[in-house]
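Below is a short briefing on one protein chain, written for a reader who has not seen the structure before. The points are grouped by topic after a few lead sentences.

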Amino acid sequence: MTKRNFIRHVVFFSAKDPKDIPTIVAGLWKLADIPHSTTFEICENTRVDALSGDVDVVVYAEFPDAEALAAYKAHPIYQESIDIVRPLRDMRVPADF
């Protein structure tokens, strides 16, 4: 594994109802206004891989260090996003590396 001087933060989401995917995406885009990431993306799953059907939306972000990631999660906008997305999502699987 290559040593990096940053943290990658990836979160996979599935919607309880596919019609709510646009609302989930919009709620997650609020996170882009939090200033601690160096890279931030929200993407709907293209389902090119036949085994990726359980995932509807992916958040990808990079942070310079663990402190920046913690500050991102402590920001008030983070809770605003949770308040929108949590009731509509089924699965949330985060990974930091």
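Strand S1 is mostly covered, with seven of its nine residues buried; buried means under 20% relative accessible area, exposed over 50% and partly exposed in between, with a 1.4 Å probe and protein chains only. Helices (H or I, at least four residues) and strands (E, at least two) are DSSP runs, numbered from the N terminus. The model is predicted, so local features need pLDDT of at least 70 and side-chain atom pairs count only at pLDDT 80 or more, while totals for chains, interfaces and linings use all residues. Residues are numbered from 1 along each chain as its sequence is written, and side-chain values use heavy atoms, with hydrogens and water left out.

**Strands and their pairing**

- S1 (residues 7–15) pairs with S3 in the antiparallel sense over seven bridges; two strands count as paired if DSSP finds at least two bridges between them.
- Within this pairing, Arg8 stands opposite Glu62 in S3, and Val10 stands opposite Tyr60 in S3.
- S1 is also joined to S4 by seven bridges, and these two strands run antiparallel.
- S2 (residues 39–44) and S3 run antiparallel as well, joined by six bridges.
- Thr39 stands opposite Glu62 in S3.
- S3 (residues 57–63) is mostly covered, as seven of its seven residues are buried.
- Val57, Val59, Ala61 and Phe63 point one way from S3, whereas Val58, Tyr60 and Glu62 point the other way.

**Ala15 in S1**

- Ala15 is found in strand S1, and its bridge partner in S4 is Arg89.
- Ala15 is buried, because its relative accessible area is 12%.
- Leaving aside neighbours within four places in sequence, Ala15 is in contact with Ile21, Ile24, Asp56, Leu88, Arg89 and Asp90; contact means heavy atoms within 4.5 Å.
- The C-alpha atoms of Ala15 and Val85 are separated by 9.0 Å, although the two residues are 70 residues apart along the chain.

**Helices and their buried sides**

- An α-helix has 3.6 residues a turn, so residues three or four places apart point the same way.
- In H1 (residues 21–29), the buried residues are Ile21, Ile24, Val25, Gly27 and Leu28.
- These residues of H1 are on the same side of the helix because they cover an arc of only 165° around the axis; the arc is that of the directions from the helix axis to the C-beta atoms.
- The buried residues of H1 pack against S1, S2, S3, H3 (76–85) and S4 (89–96).
- In H2, the buried residues are Ala68, Leu69 and Tyr72.
- Seen down the axis of H2, its buried residues fall within an arc of 100°, so they line one face of the helix.
- Glu67 and Ala74 are exposed on the other side of H2.
- The buried residues of H2 pack against S1, S2, S3, H3 and S4.
- In H3, Ile77, Tyr78, Ser81 and Val85 are the buried residues.

**The largest nonpolar core**

- The largest nonpolar core has 23 residues, of which Leu28, Val57 and Tyr72 touch the most other members; such a core is a set of buried Ala, Val, Leu, Ile, Met, Phe, Trp, Tyr and Cys residues joined through side-chain atoms within 4.5 Å.
- S1, H1, S2, S3, H2 (66–74) and H3 are the elements that give two or more residues to this core.
- Not counting residues up to four places away in sequence, Tyr72 touches His9, Leu31, Ile34, His36, Phe40, Phe63 and Tyr78.

**A backbone angle at Arg47**

- Most residues other than glycine have a negative phi, and most peptide bonds are trans.
- Phi of Arg47 is near 60°, a positive value in a residue other than glycine.
- Arg47 is placed in the loop between S2 and S3.
- Arg47 counts as partly exposed because its relative accessibility is 38%.
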